[in-house]
Amino acid sequence: MAKEKILIVEDEEDIQELIRYNLEKEGFKNLKVVDSGEKAIEALKGFSPDVILLDLMLPGMDGLAVCRHFKSVQETATIPIIMLTAKSEETDIIIGLEMGADDYIAKPFSNKVLVARIKSVLRRSKQTFNDEDSGVIKRGNLVMNRGKREVSLNGKSITMTFSEFEILYMLAKRPGWVFTRNQIVNDVKGDDYPVTERAIDVQIVGLRKKLKSDEDIIETVRGVGYRFKND
């Protein structure tokens, strides 16, 4: 039986039951279901999920506002969030990623895809690293500890989402190397992940905002991708 805790934030009862049924069938028994953003925030006071399934179209406080709240609070910022949305347009997906979501599934979705995405997120967030990856990377004033999921710049701690951390770590591990957007997607999310190149650009914008005056350590190589500045 899977021990991982999953918070499901969905206001439609039939979808709630469909998700619950399929997750329980896969061995996920530690589930909590709420039907509003306000209840989701309240639920996290006594429930520490390993992943959150978050519908964007919620009554009252919508899913984007809930996502923004979770990612702005240190205690919940690193919890992976998978967006559930009836909207499949690139713009809506990008907005969710800008808020800090780690993944998305457009409705109507395959139950097999839903379970696979959850397992993928859980696997990535709990993966064990080899000696190289469990150590500390120091690049100028930037220090990253992948084992502890910690980032500091100029001595100050920076809170990052799972995806932001993985992208920056990938670039910082090989300064000067140019990575295409597809390479970044495959390294961080896995092969054949259905995300647009524009979504990677959004993640880079978010990273640069958090790096502030040191944003130029991530360089854009026009027509190719990105690299970590090699001093």
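Helices (H or I, at least four residues) and strands (E, at least two) are taken here as DSSP runs, numbered from the N terminus. On that basis the chain of this predicted model holds 9 helices and 12 strands. Of its 231 residues, 48% count as buried, and among contacts between residues at least 6 apart in sequence, 61% join residues at least 24 apart. The points below take up two sheets, the helices that pack on them or lie across them, one pair of packed helices, and a few single residues.

**The parallel sheet**

- Five strands form an open sheet with parallel pairing, and their order across the sheet is S2-S1-S3-S4-S5.
- The edges of this sheet are strand S2 (31-34) and strand S5 (103-106), each of which pairs on one side only, and from one strand to the next the twist averages 15°.
- Strand S3 (residues 51-55) and strand S4 (residues 81-85) are paired in the parallel sense over 4 bridges, and Leu53 has Ile82 in S4 as its bridge partner.
- Helix H1 (residues 13-25) packs on the sheet and touches strand S1 (6-9) as well as S2, S3 and S4, with a direction that makes about 175° with that of S2.
- Helix H3 (residues 63-72) lies across S3 and S4, and the course of H3 runs at about 155° to S3.

**The antiparallel sheet**

- A further open sheet, with 3 strands in the order S10-S12-S11, is paired in the antiparallel sense.
- Strand S10 (179-180) and strand S11 (218-221) are the edge strands of this sheet, since each of them pairs on one side only.
- S10 is joined by 2 bridges to strand S12 (residues 225-228), the two running antiparallel; here Phe179 stands opposite Tyr226 in S12, while Thr180 stands opposite Gly225 in S12.
- S11 is joined to S12 by 4 bridges, again with the strands running antiparallel, and the bridge partner that Ile218 finds in S12 is Phe228.
- The hairpin of S11 and S12 has 3 residues between the strands, and within this hairpin Gly223 takes a positive phi near 80°.
- Helix H7 lies across S10, S11 and S12, and its direction runs at about 65° to S12.

**The packing of H7 and H8**

- Two packed helices are described by the angle between their axes and the distance between the axes.
- For helix H7 (residues 162-173) and helix H8 (residues 181-188), the packing angle is about 120° and the axes are 10 Å apart.
- H7 is therefore oblique to H8, and the crossing of the two helices is right-handed.
- On the H7 side the contact involves Ser163, Glu166, Ile167 and Met170, which meet Gln183, Ile184, Asp187 and Val188 in H8.
- By type, the residues of the contact of H7 with H8 divide into 4 nonpolar, 2 polar and 2 charged.

- Lys119 belongs to helix H5 (residues 111-126), and it counts as partly exposed because its relative accessibility is 35%, a value between the limits of 20% for buried and 50% for exposed.
- When its neighbours within four places in sequence are left aside, Lys119 is in contact with Glu26 and Phe28.
- Although Lys119 and Glu4 are 115 residues apart along the chain, their C-alpha atoms are separated by 10.0 Å.

**Backbone details in the loops**

- Most residues other than glycine have a negative phi, and most peptide bonds are trans.
- The peptide bond from Lys107 to Pro108 is cis, with omega near -5°, and Pro108 is found in the loop between S5 and H5.
- Arg149, placed in the loop between strand S7 (142-145) and strand S8 (150-153), is a residue other than glycine with a positive phi, near 60°; at 28% relative accessibility, Arg149 counts as partly exposed.
- Asn154, whose place is in the loop between S8 and strand S9 (156-157), is likewise a residue other than glycine with a positive phi, in this case near 55°; Asn154 counts as partly exposed, at 43% relative accessibility.

Conventions. Residues numbered from 1 in each chain as written. Predicted model: local features only at pLDDT ≥ 70, side-chain atom pairs only at ≥ 80, totals over all residues. Heavy atoms only, no water. Axes fitted to C-alpha atoms, helices over the stretch in contact; angles between N-to-C directions. Parallel < 35°, antiparallel > 145°, perpendicular 65-115°, else oblique. Left-handed = near helix turned anticlockwise from the far one by under 90°. Contact = heavy atoms within 4.5 Å. Nonpolar A, V, L, I, M, F, W, Y, C, P; charged D, E, K, R; others polar. Pairing = 2+ DSSP bridges. Buried < 20%, exposed > 50% of the residue type's maximum accessible area, 1.4 Å probe, protein only.
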